[in-house]
Amino acid sequence: MLKHGLALTVLALAGVAAVPDRADAQVVVTGTLHMRQTTDVACSVTLYAIVAPSGATAVVTGGSFSAGNWQCGWLVTPSGFPWNATITGPGTINVSGVSATTILGSCSGSFTSNGLTSSSLVIPSTAPATLPGTPNACTFWGTLNF
């Protein structure tokens, strides 16, 4: 089932770092993430991040998943906060410290993604983000708005 929603949450928070007028403030990130470890699941995501004064980094301090699918928020949850997001180039972010509890196990690690704009992070299904996991890696895609 779905096991990598945390990584997507971190991506969304990292996207907030690209918005200088939101620097050093708490930002709420919302959207829908599709995740796959053994089965596809779609979750509504809410994440909370603090953007550094430079606007180049953000720390995701917490968040939650909810239905979409019934597993979200119950069997599939984000964990291991805080997550760190760093803008590494135009439209590109690196997110580290991401972890999630999944139906069959867990996923954790770091990832780099493109698709960052001043108002959203889009991770296409044709190029999903991936986190190592047990029993399998987790992939995720979707749109997070901030």
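I looked up Phe 140 first: it is buried, at 0% relative accessible area. Buried here means under 20% relative accessible area, exposed over 50%, partly exposed in between, with a 1.4 Å probe and protein chains only. The model is predicted, so I kept its limits in view: local features need pLDDT of at least 70, side-chain atom pairs count only at pLDDT 80 or more, and totals for chains, interfaces and linings use all residues. Residues are numbered from 1 along each chain as its sequence is written, and side-chain values use heavy atoms, with hydrogens and water left out.

Next, Phe 111. I found it buried too, at 5% relative accessibility.

I then searched the whole structure for aromatic pairs and got three. Phe 111 and Phe 140 form an edge-to-face pair, 5.2 Å centre to centre with 80° between the planes. Rings of Phe, Tyr and Trp (its six-membered ring) pair with centres within 6.5 Å; planes under 30 degrees apart are stacked, over 60 edge-to-face, the rest tilted. This pair links distant parts of the chain, 29 residues apart: Phe 111 sits in strand S7 (residues 106-114), Phe 140 in strand S11 (residues 138-145). Strands (E, at least two residues) are DSSP runs numbered from the N terminus.

Last, I checked Gln 37. It lies in the loop between strand S1 (26-36) and strand S2 (40-51). Gln 37 counts as buried, at 7% relative accessibility. Its side chain reaches the backbone oxygen of Asn 136 at 2.6 Å.

Definitions and conventions
Helices (H or I, at least four residues) and strands (E, at least two) are DSSP runs, numbered from the N terminus. A polar contact is a pair of N or O atoms within 3.5 Å; within protein, one must be able to donate a hydrogen and the other to accept it, and residues adjacent in sequence count only if both atoms are side-chain atoms.
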